[in-house]
Amino acid sequence: IADNEKRLRLALGVANMAIIDIDLKKGVVSGLTNGPAVLGVDAVAGEAVDDAFGRLLALIHPDDRGRIATSHKLAASTPGPFSGEYRVLRADGSTAWIETRGEVIAGADGVPARLLETNVDVTERKRADEHLQIVLGELTHRAKNLLAIIQAIATQTARRNTNVEDFIAAFSQRIQGLGASHDLLVKRDWKGVPLDELVQAQLAPFGGIDNRRVTASGPSVSLKADVLQGLGLALHELATNASKYGALSAEKGTVAIDWSIAGIGPGSRFHMSWTERGGPPVKPPTRKGFGHVVIESSLARVVNGEVKLDFEPTGISWSLDAPLEAITPAGLSGTFATARR
């Protein structure tokens with residue numbers, strides 16, 4: 001019996017469960033196992049139920065107290081199973097969720113004679129459920145945002161490509177660029193994504209950062225989700241243009257991507273540039289297409305900054321200047337070590 005009692009207590013401790021056994025005819029507690037650990041109260045065999053239950057009620061959250069008192073009276077007077085949930089207030093000020101399940105057993109005369117009840121601490125499960133609801137809400141918001149971006153890409157691409165084959169090619173490439181940014185967000189659990197990872201991902205389809213034709217250098221910076229998507233699209237458009245008409249379309253053409261931070265603390269500024277050299281002579285475009293809008297005006301609104309796109313004869317140059325706080329909520333994520341790939 002002693003061994004069985006020890007095993008029971010160990011099992012209840014592992015399960016974070018308390019068992020209450022009540023003699024309803026006598027109105028006393030027959031036993032309470034693991035009560036202090038789970039419920040915060042204890043009771044001795046033979047103690048009046050009203051006394052023990054009164055101490056438990058005092059620990060139950062005020063918003064649940066009346067409901068539990070009513071449920072207890074109803075359960076004790078009606079044979080059959082019962083269940084419910086309530087919150088208890090811990091000594092350290094925290095709140096724990098308790099799930100209770102039990103059964104009232106009738107005697108030979110049909111009158112409730114015994115109440116057996118289990119109480120399990122389900123606080124972690126409740127927290128997990130709450131976190132899941134938050135995540136689902138964020139996921140819904142992000143999915144809507146992503147669909148809005150895709151719709152805008154489709155609409156703008158269709159306006160500039162009347163030929164179906166050209167539209168499919170341009171649209172597919174832009175969706176791939178958006179997908180590369182999205183993959184980084186998922187990989188980082190939608191938290192700050194390092195800028196150098198974004199640059200590498202967007203340049204990968206065009207040969208990547210080889211430190212010969214394409215170089216990238218700058219301090220470690222984490223990007224907000226919306227900034228990452230906007231900047232990712234801009235880098236994709238710059239790389240696409242460079243590979244078709246700019247520096248990357250020529251054998252000796254080069255692209256230098258650089259970023260820096262000016263200042264420390266509030267008021268710090270973020271600067272980024274894209275500089276092409278060695279490509280075909282540059283001619284300013286006669287009209288502004290979707291790529292131009294993404295590279296310039298759209299990104300400027302996202303980062304609350306200034307974007308410049310210059311069509312110099314020696315090569316396209318693009319620059320971004322914005323408050324650091326608009327780029328990343330945490331400022332720098334790491335040191336000022338040069339990030340080269």
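This is a predicted model: local features need pLDDT of at least 70, side-chain atom pairs count only at pLDDT 80 or more; totals for chains, interfaces and linings use all residues.
Reader: Got it. Which residue does Arg67 form a salt bridge with?
Author: With Asp64, and the closest N and O atoms of the pair are 3.4 Å apart.

Reader: Where do Arg67 and Asp64 lie?
Author: Both are in helix α4, which covers residues 62–77. They are 3 residues apart, about one turn of the helix.

Reader: And is Asp64 buried or exposed?
Author: Asp64 counts as buried, because its relative accessibility is 5% and the cut-off for buried is under 20%.

Reader: How many salt bridges are there in total?
Author: The count comes to 15 salt bridges. One of them joins the side chains of Lys25 and Asp109, at 3.4 Å from N to O. That pair links distant parts of the chain, 84 residues apart. Lys25 sits in the loop between β1 and β2, and Asp109 in the loop between β4 and β5.

Reader: Nice. Is Lys25 buried or exposed?
Author: Lys25 counts as exposed, at 52% relative accessibility.

Reader: Which residues are linked in a network of salt bridges?
Author: Glu85, Glu99, Arg101, Arg125 and Lys126. Within this group, the side chains of Arg101 and Glu99 meet at 3.8 Å, N to O. Arg101 is partly exposed with a relative accessible area of 49%, while Glu99 is buried at 17%.

Reader: New topic! What order do the strands have in the open sheet?
Author: The open sheet has 5 strands in the order β7-β9-β10-β12-β11, and the pairing is mixed. β7 and β11 stand at the edges with a single partner strand each, so one side of each has no neighbour in the sheet. From one strand to the next, the twist averages 10 degrees.

Reader: How do strands of a sheet pair, in general?
Author: They pair through backbone hydrogen bonds, either parallel or antiparallel.

Reader: Then how many bridges join β11 to β12?
Author: There are 7 bridges, and the two strands run antiparallel. For example, Glu312 has Gly315 in β12 as its bridge partner.

Reader: Which strands does helix α7 touch?
Author: Helix α7 packs on the sheet, touching β7, β9 and β10, and its direction makes about 165 degrees with that of β9. Helix α8 also packs on the sheet, touching β10, β11 and β12, and its direction makes about 15 degrees with that of β10.

Reader: What about Ser319: where is it found?
Author: Ser319 is in strand β12. Ser319 is buried, with a relative accessible area of 19%. Among the residues Ser319 touches are His271, Met272 and Val307.

Reader: Which residues of the largest nonpolar core touch the most other members?
Author: Ile257, Met272 and Trp318, out of 42 residues in that core. Helix α8 gives the most to this core, with 8 residues. A second, separate core has 24 residues, including Leu32, Leu57, Ile60 and Ile98.

Reader: What does Ile257 touch?
Author: Not counting residues up to four places away in sequence, the contacts of Ile257 include Val199, Leu203, Met272 and Trp274.

Reader: Last one: where is Gly279 found?
Author: Gly279 is in the loop between β10 and α9, and it counts as partly exposed at 26% relative accessibility. The C-alpha atoms of Gly279 and Lys252 are separated by 7.1 Å, although these residues are 27 residues apart along the chain.

Methods: Residues are numbered from 1 along each chain as its sequence is written. Side-chain values use heavy atoms; hydrogens and water are left out. A nonpolar core is a set of buried Ala, Val, Leu, Ile, Met, Phe, Trp, Tyr and Cys residues joined through side-chain atoms within 4.5 Å. Buried means under 20% relative accessible area, exposed over 50%, partly exposed in between (1.4 Å probe, protein chains only). Helices (H or I, at least four residues) and strands (E, at least two) are DSSP runs, numbered from the N terminus. Contact means heavy atoms within 4.5 Å. Two strands pair if DSSP finds at least two bridges between them. Axes are lines fitted to C-alpha atoms, for helices over the stretch in contact, and angles run from 0 to 180 degrees between N-to-C directions. A salt bridge is a side-chain nitrogen of Lys or Arg within 4 Å of a carboxyl oxygen of Asp or Glu.
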